[in-house]
Amino acid sequence: MEHKSPYTKARNIFLALFLLSISVVIVMVIFGPSLRLTASDPPIDANPDLLTIGGLVAIVSSCITSMVTFVGFVSTTILAWRKEAREKEDRELERKHKEIELEKARLDLEKTKGEQENQLPK
């Protein structure tokens, strides 16, 4: 069973929020001029390029959310990579440590056998 890092969960959340907010920006930029949020907005026929205050707020807030979630996604990805590299290095050091212990035990065993052979009467 593989252990999931908390960075992985955070990275996935940031990625989902980034994709959602960037989608809102795209929708608002493409369809924003044709969307009317209140009845008091001027008719679209008067100026089709007119962006309502609500549309502007939605675009700006979605852009800010996109930037923040993108930074969060990138930073958690980098942190996860660094953690994985540290864990890999720790595993390699542990493996080398075990190899040294095995070599030491083998040498002790050979030394003990040599001493026993020298003590046996001929």
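Predicted model: local features only at pLDDT ≥ 70, side-chain atom pairs only at ≥ 80, totals over all residues.

Reader: Thanks! Which side chain does E87 meet in a salt bridge?
Author: The partner is K83, with an N to O distance of 3.9 Å. That pair counts because the cut-off for a salt bridge is 4 Å.

Reader: And how are K83 and E87 placed along the helix?
Author: Both are in helix 2, four residues apart, so about one helical turn separates them.

Reader: Why would such side chains pair up at all?
Author: In general, side chains with opposite charges can pair when the charged atoms come close to each other.

Reader: Nice. How many salt bridges are there in total?
Author: The count is five.

Reader: Let's look at R106 then. What does E103 do with R106?
Author: E103 and R106 form a salt bridge, and their closest N and O atoms are 2.2 Å apart. The two residues sit three apart in helix 2, about one turn of the helix.

Reader: And which residue is 2.6 Å from R106, by closest N and O atoms?
Author: That's E110, which also forms a salt bridge with R106. E110 and R106 are four residues apart in helix 2, so the spacing is about one helical turn.

Reader: How accessible are those three?
Author: R106 is at 38% relative accessibility and counts as partly exposed. E103 is partly exposed with 35%, and E110 is partly exposed with 43%.

Reader: Which residues are linked in a network of salt bridges?
Author: E92, R95 and E99 are linked that way.

Reader: Switching topic: which residues make up the patch of negative charge on the surface?
Author: E89, D90, E94 and E101 gather there. Take E94 as one of them: it belongs to helix 2, and its relative accessible area of 40% makes it partly exposed.

Reader: Good to know. What about S66, is it buried or exposed?
Author: S66 is buried, because its relative accessibility is 4% and the cut-off for buried is under 20%. S66 is in helix 2, which covers residues 53–119.

Reader: What does S66 touch, leaving out residues up to four places away in sequence?
Author: With those left out, S66 touches F18, S21, I22 and V25.

Reader: Zooming out, how many helices and strands does the protein have?
Author: It has two helices and zero strands.

Reader: How much of it is buried?
Author: Of its 122 residues, 15% count as buried. The accessible surface comes to about 10000 Å², and carbon and sulfur atoms account for 66% of that.

Reader: Last one: what share of contacts comes from residues 24 or more positions apart?
Author: Among contacts with a separation of 6 or more, they account for 73%.

Key. Residues numbered from 1 in each chain as written. Heavy atoms only, no water. Buried < 20%, exposed > 50% of the residue type's maximum accessible area, 1.4 Å probe, protein only. Contact = heavy atoms within 4.5 Å. Patch = residues over 30% accessible without salt bridge, like charges linked within 9 Å, V, L, I, M, F, W, Y side chains within 5 Å. Areas by Shrake-Rupley, 256 points an atom, 1.4 Å probe, with all protein chains shown as cover. Lys, Arg positive; Asp, Glu negative; His and termini not counted. Charge placed at Lys NZ, Arg CZ, Asp CG, Glu CD.
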